[in-house]
Amino acid sequence: MCGIVGYIGKKSAVDILLEGLTNLEYRGYDSSGIALNIDNKVQLYKAAGKLQNLKNIVEKNYSEISKSTIGIGHIRWATHGAPTIENAHPHSCNCGKVAVVHNGIIENYKELREKLEKNGCTFRSQTDTETVAHLVATKYGETHDLTEAVRLATKEIEGAYALCVIHQDVKNTIVATRRNAPLVVGLGDGENFVASDVPALIQYTKKAMYLDDNQIVTLTPDSIKLIDIDNNPLSQKVETLPWEPVALSKMGYKHFMLKEIHEQPDVVRNVLSGKLRAIDENITLNEVTLDKDKIKDLNRIQIVACGTSLHAAMVGKYIIEDFCGIAVDVEPSSEYIYRKTITDKNTLVIGVSQSGETADTITAVRQAKCKGSHILIITNRPDSTMAREADSLVPVNAGIEVSVAATKSYMAQLISFYLIAIYIAEVKNSMPANELADLKHELIVLPQKIEKVLAHKEDIQKCAKAFSSSKDFIFIARGINFPTALEGALKLKEISYINATGYTAGELKHGPIAMLDESMPVLSILMSGKVYDKILSNSEEAKARNARMIALTDSEDEKLNELFDYIIRIPEISEILSPALSIVPLQLIAYYIAEFLGKDVDQPRNLAKSVTVE
Ligand code: F6R
């Protein structure tokens, strides 16, 4: 949440900062701001609302603003204080010489603020961040050294932060530091960059350095100096970023979400590549470092995740229990961390996270690690904080996901769970080889089936249009597709703001059925398998209450025509693999409804892609 970016070099800083913020917009978009050193004076430009508002301000003053070759910028997802101009970053001190941008939460900001106010600091915002600006200015007054001022300030700050700081009197220097919030430095030729995430840098450099907690970096155009919080000099590994700038282009699609939905066949191929070679060969999962004997001894698996990743985890539970005969608990990370969890060395704890930066999931896996569990992380960001907590790291290789609503990363997480479950089943010999071979074959042909669904999206579009004025929406399913119902509902509510809920079809008559009438659409996920008939009869019950019925099915059954107002037909698929296909039409329904309603599909209100606060 919140994105920060800094540039120092010979080019006009404002262009690079605005480009960087555009590529970090997925981290928040309540307000934005930049600080530049223009003619030896630190100048702040801020705007409430979307980044475009800041761009408009910059455009009006461009000839003046474009002179600066050093600057820092911020895109905000409000935590402390409303998304107003006063609360937008950068924040400054009394004399206006210091500018600070921050991602995270300063937990002891109230005490710090009280102390600083007593010493004469005047606060202009309600943010926790402004304390840092005053604190750094105070420390600079004592030391006349910006790096030292930041270092001393971080000794007094509690909480999570990634910070970038400039000072009017220290020309050509940016100081940055982090604790429990991501920060990456980009190395250029006669220029250097710093940002919350790679998309802000990738246009300019592929050479990067990830900061660890409590490290402080001092950037000039030609140098990078790294120290720890006790002032010891450090060297840091420079890495080559695997991303291509093209990942940040919509490639002709109207929205990133639509592009990312269409990337899913290739995402499946990528995840399987090198791991599933042939149906008669065992899965290769070099990333799982847990000893094979220990896998055999596992008596329990716990999976922690949030949001869409939690839904992938719920599918993972079904598959692992079915294939491996190991009890699996799935819990939202935010619940896991505030109770006495029974976790030990014979428990495998799996953390699932697209971003690898979700604060609750990081805390959950750290807690489990302290209790001796092996930590397996499934993430789209092998460069993330969570990845660094991993004993086994399974990168899902979905590529950068820009749309706030997760789609292709969900697909990649699902496929990773199939691979992990087959891998454990092969180690434990818990499934007949012919059944595993059938599933492997189905995984290999899955991309073609997804392509078929995408090729017939006009039917889905028509259905979406017919229901786009609905205020509420119910998704029902049973068994392994119950998480699909939850995920379909989540996609719809987050981008269209329709009140959508997923229920197990069997629970409908225990309460929710009271809501049904002719205004309520009910979408039944009716995939062939052991619960097909049950869901069909639950759908009859809903129809009898006049609900408007939609079926999502792989069945050709003619009888469905009488029961359902709309039928979305997808290729036939085994029940166990069906969540990886049935989710695609639901992503498209959510997308088209939001598009018909004219919503901001890629940046829905109140959300941020990377939830770095608890
Ligand atoms: C929904 C969505 C969120 C995330 C959740 C966890 O489309 O994207 O629900 O799934 O915030 O994020 P990660 O997976 O990054 O831990």
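1. The domain bounds are from an automatic or database domain assignment. By pocket I mean an open set of points on a 1 Å grid over the protein atoms alone, where a 1.4 Å probe fits, with protein on both sides within 12 Å along at least five of seven lines; lining residues have an atom within 4 Å of a point.

2. Before going further: this is a predicted model, with local features needing pLDDT of at least 70 and side-chain atom pairs counted only at pLDDT 80 or more, while totals for chains, interfaces and linings use all residues. Residues are numbered from 1 along each chain as its sequence is written, and side-chain values use heavy atoms, leaving out hydrogens and water.

3. Back to the second largest pocket: its volume is about 520 Å³, taken as the space filled by probe spheres set on the grid points, which are joined across faces, edges and corners. Its lining has 29 residues, with C306, G307, T308, K609 and V611 nearest the centre. The elements giving two or more residues are α10 (307-324), β18 (347-353), α12 (359-370) and α16 (482-496), and α16 has the largest share, four residues. Helices here are DSSP runs (H or I, at least four residues), as are strands (E, at least two), numbered from the N terminus.

4. The lining of that second pocket splits into 12 nonpolar, 10 polar and seven charged residues. Nonpolar covers Ala, Val, Leu, Ile, Met, Phe, Trp, Tyr, Cys and Pro; charged is Asp, Glu, Lys and Arg; the others, Gly among them, are polar.

5. Now the largest pocket, at about 620 Å³. Domain 1 (3-249) and domain 2 (261-451) both supply lining residues, so it lies between those two. There are 31 lining residues, and P242, W243, N380, P382 and D383 lie nearest the centre. β15 (239-240) and α8 (264-272) are the elements giving two or more, with α8 giving the most, three residues. By type, the lining has 12 nonpolar, eight polar and 11 charged residues.

6. Finally, the ligand. Polar contacts (pairs of N or O atoms within 3.5 Å) include a ligand oxygen 2.6 Å from a side-chain N or O atom of S309 and one 2.5 Å from a side-chain N or O atom of E494. The protein buries 90% of the 410 Å² that the ligand exposes when taken alone, with areas from the Shrake-Rupley method and a 1.4 Å probe.

Definitions and conventions:
A polar contact is a pair of N or O atoms within 3.5 Å; within protein, one must be able to donate a hydrogen and the other to accept it, and residues adjacent in sequence count only if both atoms are side-chain atoms.
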